[in-house]
Amino acid sequence: MIRFDAVSWHAGAFRLDAVSFTVPAGSYGVLMGRTGCGKTTLLEILCGLRQPSGGRVFIGERDVTDLPPGERGIGYVPQDGAMFPTMTVREQIGFALAIRKRPGAEITARVKELAEHLGVAHLLDRLPQNLSGGERQRVALGRALAAKPSVLLLDEPLSALDEELRDDLAALLKRLQRELNLTALHITHSRREAEQLADVRLRMEAGRIETAPAG
Amino acid sequence: MALPAQRVSPFWLALSVVGGLYLLFLVAMLVATAGYTTPDKLFAALGKREIQYSVVLSLVTCTVTALLSLLLAVPVGYLLTRARFPGKHVVEAALDIPIVLPPMVMGLCLLILFQTGFGKFIESATVTFTYTVYGVVLAQFTIGAAFAVRTMRHTFDHLSARPEDVAMTLGCTRAQAFWLVTLPAARRGMFAAASVAWARSLGEFGPILVFAGATRMKTEVLPTTVWLELSVGNLEAAVAVSLLMVLCAMGVLAAVKWLGEEV
């Protein structure tokens, strides 16, 4: 479960006031709203990359408001994949486990498992500049899932892809979310993506969130 | 990969003429200097003990300065790019002081600083800088580091913060994200920053003359040699050393241009 409880944040003239919403455990939440309305800021607060000026953030039953990003049990996939420029696909996917100093054999096995699952097993020794947009997003997804997070956060992950690839990746996202029983929050401008993916639809307007059931 | 040729128009032609004339001027200057001497005279000048000493001292001090500049430029450049703090514009302007101040004035400022209680305390706690080889390095560093900081700032400005954010969500601290993700991606910029500091230090004259002196076989670096040889009318030696510096500078330029793309 993801829960925002009266979260506020402000910088200059831009402010979010007492934003509250819930994405139930195991659900796929899709957040829509105009450009610049604060969707990415909201996601960054959830990631722990920005500190709210008020309110509490919960992941599951745990209050994570004051936890550093790495201790929140989240996987984060930004818009362009945000690949690590000098690391191979193998290193990118194994990164979260390497940082946790997991044994080499465990890292190798997890990288292999995820790479096969995501269809990037033939790309493991490539650097990001030699990947297509769709491949990057698959690798970013593998990297986010390596440490088995309970929550997956996606910031317009399909916006830079062509339509056919979008449908493929959207299907993959939905399948993974179901198989791994993840709670997902996905930002998009695309109604089509929302229709394909959402269990819960959230709409952000004027610094507030309206929740609507999917369909 | 060859770029497709552009259609020739009066506009492009005019720009090319302006650029071409400037390039011609630079090349003419270098060719004239090179033609002024012969290889025999060049090697004879470079065989002098004093000149050999200044070549070695220049290469050593410039390399030390480049490394020290990088040690300063990487954290400061990163701080300026990623951190938001009050008075940031003032700090940025202050860091450019060595770039905008006349080099001779920088040397004088250094000399005066080390006459104060603070400067004397630093010298008593570390080493003597005034009129020593350490002073040569400090004078080069004062200016070279400012250029290195600028280069690193530019480098970090062009590296997205997003991968660092992702690394932090994957379990890194801010320092680990910097060390494991951003720094490896900045290696080309680091090479450029060190090269710029090195090249700038090689040509530094004013502050070294004022702060470290121009004592032969002690604080004499290549620009000092040119000046000393010119002042006693030995134009041959001055030209020989100048050509050596031209070669060094072109070497650095080539390294930054070609090797930099590989780093």
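Select B:Ser195. This residue sits in helix α11 of chain B, residues 187-202. Helices (H or I, at least four residues) and strands (E, at least two) are DSSP runs, numbered from the N terminus.

A note before you go on: this is a predicted model, where local features need pLDDT of at least 70, side-chain atom pairs count only at pLDDT 80 or more, and totals for chains, interfaces and linings use all residues. Residues are numbered from 1 along each chain as its sequence is written, chains are lettered from A and ligands numbered from 1 in the order in which they are written, and side-chain values use heavy atoms, with hydrogens and water left out.

**Stay on B:Ser195.** Is B:Ser195 buried or exposed? B:Ser195 is buried, because its relative accessible area is 10%; buried means under 20%, exposed over 50%, partly exposed in between (1.4 Å probe, protein chains only). Now show the backbone oxygen of B:Phe191. That oxygen lies 2.7 Å from a polar atom of the B:Ser195 side chain. B:Ser195 touches both, leaving aside residues up to four places away in sequence. Contact means heavy atoms within 4.5 Å.

**Move to the surface.** Select B:Leu71, in helix α3 of chain B, residues 49-82. B:Leu71 counts as exposed because its relative accessibility is 64%. Together with B:Leu71, they make a nonpolar surface patch of about 430 Å². Nonpolar side chains (Val, Leu, Ile, Met, Phe, Trp, Tyr) are joined within 5 Å, like charges within 9 Å.

**Go inside.** Which residues have the most contacts inside the largest nonpolar core? They are A:Ile2, A:Phe4, A:Phe21, A:Leu42, A:Phe95, A:Leu153 and A:Leu185, in a core of 41 residues. Helix α1 of chain A, residues 39-47, gives the largest share of this core, five residues. A nonpolar core is a set of buried Ala, Val, Leu, Ile, Met, Phe, Trp, Tyr and Cys residues joined through side-chain atoms within 4.5 Å. Click on A:Phe95. Not counting residues up to four places away in sequence, A:Phe95 touches A:Phe84 and A:Met87, and also B:Ala167, B:Leu170, B:Cys172, B:Leu180 and B:Val181.

**Zoom out to chain B.** Chain B has 14 helices and zero strands. Its C-alpha trace spans about 65 × 65 × 30 Å along its principal axes. Of its 263 residues, 40% count as buried.

Key. Polar contact = N/O pair within 3.5 Å; in protein donor to acceptor, adjacent residues only side chain to side chain. Patch = residues over 30% accessible without salt bridge, like charges linked within 9 Å, V, L, I, M, F, W, Y side chains within 5 Å. Areas by Shrake-Rupley, 256 points an atom, 1.4 Å probe, with all protein chains shown as cover. Salt bridge = Lys/Arg side-chain N within 4 Å of Asp/Glu carboxyl O.
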